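Here's a quick briefing to read alongside the sequence and the coordinates. Have the viewer open as you go through the points.

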Amino acid sequence: MRLCIDYRKLNAQTVPDSYPLPRMDDLLNEAKPTPYMSTIDLRSGYHQVKVAAEDRDKTAFTCPFGIYKFTRMPFGLRNAPVTFQRKASQLIRKRQLLSQICHPQPLLNKYKALYKPVPGSEQEAFRDLKLKLASPPVLKPADGTKTFVIRTDASCVALGAVLLQGEKDEEHPIEYASRLLSSSERNYSTTEREALAVVWALEKFRGYVKGQTIRLSSDHQPLK
């Protein structure tokens with residue numbers, strides 16, 4: 001259970017923080033050669049970030065028990081996610097510097113971004129780190145046996161595609177995508193639109209399927 005206050009009026013007057021978040025397609029491309037994935041899960045991340053004393057009145061809310069204000073960062077604030085991301089990135093950079101100074105084998109010298117996969121050659125160092133920070137460690141081998149499946153569809157006005165993974169009855173969707181056709185593309189024949197949907201879907205899901213075994217599913221007989 002998480003308490004979330006309606007901060008829409010406060011958020012409307014808040015200057016947005018444009019701190020960059022990692023691009024998912026870049027992370028997926030880097031994850032492909034990774035034989036293992038290490039995770040360190042943070043507990044109550046938001047509530048570990050202090051709210052500046054002069055800003056605590058802005059978080060005030062009422063309930064049947066009285067009026068309260070947060071001393072730690074709550075959910076619902078416009079800039080809360082990027083604030084947490086920045087704090088986490090600062091922590092990673094500090095540990096990079098500390099490991100380079102104090103450790104014969106730097107633990108985090110190449111750990112550039114939060115949520116980023118780590119090459120297999122560095123897994124032993126991360127395993128040592130995880131044993132110190134969490135118990136038990138979570139190391140799961142990447143499953144390269146599940147085939148990626150792309151199913152496409154094309155109408156007179158739009159293209160659609162769904163990316164799935166698994167075999168037969170165990171398929172589960174990973175991502176849906178759709179886009180409108182431009183006026184010139186709407187003049188394509190049915191076969192051309194179906195082919196365009198295939199090309200577009202492969203480019204759209206490139207971060208997932210490049211270098212992988214994939215199956216493309218189409219109900220359009222000429223393309224088969």
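Tyr46 is buried, with a relative accessible area of 17%. Keep in mind that this is a predicted model.

**Aromatic pairs**

- Searching the whole structure turns up four aromatic pairs.
- One of these is Tyr46 with Phe75, a stacked pair at 4.5 Å centre to centre and with 15° between the planes.
- Tyr46 sits in the loop between strand S1 (36-38) and strand S2 (61-63), while Phe75 is in the loop between strand S3 (66-68) and H3, so the pair ties together parts that are 29 residues apart in sequence.
- Tyr46 falls under the 20% cut-off for buried, with its 17%, whereas Phe75 counts as partly exposed at 21% relative accessibility.
- Phe61 and Phe70 also pair up, this time tilted, with 5.5 Å centre to centre and 35° between the planes.
- Phe61 and Phe70 are both buried.
- Going back to Tyr46, it belongs to one aromatic cluster together with Phe75 and Phe84.

**The four-stranded sheet**

- In what order do the four strands of the open sheet come? The order is S7-S6-S5-S8, and the pairing is mixed.
- Strand S7 (172-180) and strand S8 (214-217) are at the edges with a single partner strand each, so one side of each has no neighbour in the sheet.
- On average, neighbouring strands here are turned by 15° against each other, direction ignored.
- Strand S5 (residues 148-154) and S8 run parallel and are joined by four bridges.
- Looking at S8, you'll find Ser217 as the bridge partner of Arg151.
- Helix H5 (residues 190-204) packs on this sheet and touches S5, strand S6 (158-165), S7 and S8.
- The direction of H5 makes about 140° with that of S5.

**Salt bridges**

- Asp17 and Arg86 make one of them, with the closest N and O atoms 2.7 Å apart.
- Asp17 is in the loop between helix H1 (8-12) and helix H2 (24-31), and Arg86 is in helix H3 (residues 80-102), so this pair ties together parts that are 69 residues apart in sequence.
- Asp17 counts as partly exposed at 26% relative accessibility, and Arg86 is partly exposed at 26% too.
- Lys58 has a salt bridge to Asp55, where the closest N and O atoms are 3.0 Å apart.
- Asp55 is partly exposed, at 28% relative accessibility.
- Glu185 and Arg179 meet through their side chains in another salt bridge, 2.7 Å from N to O.
- Arg151, Glu171 and Arg215 are connected in a network of salt bridges. Arg151 is also the residue whose bridge partner in S8 is Ser217.

**His220**

- His220 lies in the segment after S8.
- With a relative accessible area of 13%, His220 is buried.
- Which side chain makes a polar contact with that of His220? Thr191 does, at 3.0 Å.
- Leaving out residues up to four places away in sequence, His220 touches Thr190, Thr191 and Glu194.

**Gln212**

- Gln212 is in the loop between helix H6 (206-209) and S8.
- Gln212 is partly exposed, with a relative accessible area of 35%.
- Where sequence and space are concerned, Gln212 and Thr147 are 65 residues apart in sequence but 7.9 Å apart in space, C-alpha to C-alpha.

Notes
Residues are numbered from 1 along each chain as its sequence is written. This is a predicted model: local features need pLDDT of at least 70, side-chain atom pairs count only at pLDDT 80 or more; totals for chains, interfaces and linings use all residues. Side-chain values use heavy atoms; hydrogens and water are left out. Two strands pair if DSSP finds at least two bridges between them. Helices (H or I, at least four residues) and strands (E, at least two) are DSSP runs, numbered from the N terminus. Axes are lines fitted to C-alpha atoms, for helices over the stretch in contact, and angles run from 0 to 180 degrees between N-to-C directions. Contact means heavy atoms within 4.5 Å. A salt bridge is a side-chain nitrogen of Lys or Arg within 4 Å of a carboxyl oxygen of Asp or Glu. Buried means under 20% relative accessible area, exposed over 50%, partly exposed in between (1.4 Å probe, protein chains only). Rings of Phe, Tyr and Trp (its six-membered ring) pair if their centres lie within 6.5 Å; planes under 30 degrees apart count as stacked, over 60 as edge-to-face and the rest as tilted. A polar contact is a pair of N or O atoms within 3.5 Å; within protein, one must be able to donate a hydrogen and the other to accept it, and residues adjacent in sequence count only if both atoms are side-chain atoms.
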